[in-house]
Amino acid sequence: NNITDRKLIEEALQQSERLFSKMFHSSPDVMILSTVADGRLVEVNDTFLKLRQLKREDVIGRTGAELGLWHDGAERERVIEAVRIDGMARNIPSAHQSLDPEKGLRHYAASAELVRLGEDELLLWVARDITDLRRTEEELRRSKRGAEEASRAKSEFLAHMSHELRTPLNAILGFSEVIRDRVYGPDASSKYTEYAECIYSAGEHL
């Protein structure tokens, strides 16, 4: 009957809300629910509170601008416009100075989408810290550049050495061939001695 169906629907909704709440609060990513109208925070997870070193009562009901979450108001409006057009905005880059001086600037990739809670239209933010990933990627790029430079230097060295070796080798082979074939006859010992000295000199150069 209708009462039973309505009860099942309500139980399913409650279960869904409990599941969402559990995922929301246990996520290692920063998660924020804020109103679309004025950007007031409705809920945040523990990851956000730990990151900002704040208590829940310090942030709920305050706007992102008041908490310094936006560099400027236009940035938030651009994201909301993109969400309204596409239903979701992904890979929104942002950078925030960590409250821990040793951690320095932290980089995030965020996504945003519209959700409804009763009659309220909310914006769900999910932001992942990609600082370590960016650092790893930069190290890989540097490593790749280093390998490419080493390979280029090796190629240049081999090309230079090939040129340096070719001239004395040609002299050695050429003069050796003259002596071997007795090109000037069997009695041209002075000529062959001169060529032998050229061969020796070329060998010393090598």
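Leu206 lies in the segment that follows helix H6, where helices (H or I, at least four residues) and strands (E, at least two) are DSSP runs numbered from the N terminus. This is a predicted model, in which local features need pLDDT of at least 70 and side-chain atom pairs count only at pLDDT 80 or more, while totals for chains, interfaces and linings use all residues. Residues are numbered from 1 along each chain as its sequence is written, and side-chain values use heavy atoms, with hydrogens and water left out.

Leu206 counts as partly exposed because its relative accessibility is 45%; buried means under 20% relative accessible area, exposed over 50%, and partly exposed in between (1.4 Å probe, protein chains only). Together with Leu165 and Leu169, Leu206 makes a nonpolar surface patch of about 240 Å². Such patches are made of residues with over 30% relative accessible area and no salt bridge, like charges being joined within 9 Å and nonpolar side chains (Val, Leu, Ile, Met, Phe, Trp, Tyr) within 5 Å.

His205 is placed in helix H6 (residues 189-205) and, at 53% relative accessibility, counts as exposed. Leaving aside neighbours within four places in sequence, His205 is in contact (heavy atoms within 4.5 Å) with Glu164 and Pro168. His205 and Leu169 are 36 residues apart in sequence, and their C-alpha atoms are 9.8 Å apart in space.

The structure holds 13 salt bridges, a salt bridge being a side-chain nitrogen of Lys or Arg within 4 Å of a carboxyl oxygen of Asp or Glu. The table gives some of them.

| Residue pair | N to O distance |
|---|---|
| Arg40 and Asp38 | 3.3 Å |
| Arg141 and Glu138 | 3.0 Å |
| Arg145 and Glu138 | 3.5 Å |

Arg141 and Glu138 both lie in helix H5 (residues 131-180), three residues apart, which is about one turn of the helix. Glu138, Arg141, Arg142 and Arg145 are linked in a network of salt bridges. Glu138 is partly exposed because its relative accessibility is 26%, and Arg141 is partly exposed as well, with a relative accessible area of 41%.

Inside the protein, the count comes to two cavities of 30 Å³ or more, a cavity being a set of points on a 1 Å grid over the protein atoms alone where a 1.4 Å probe fits but cannot get out, with lining residues having an atom within 4 Å of a point. The largest cavity has a volume of about 390 Å³, and of the 23 residues that line it, the closest to its centre are Ile32, Leu69, Trp70, His96 and Trp125. Strand S3 gives the most to this lining, with four residues.

Key. Areas by Shrake-Rupley, 256 points an atom, 1.4 Å probe, with all protein chains shown as cover. 1 Å grid on protein atoms, 1.4 Å probe; cavity = no way out; pocket = protein on both sides within 12 Å on 5 of 7 lines; lining within 4 Å. Points joined across faces, edges and corners; volume = space filled by probe spheres on them.
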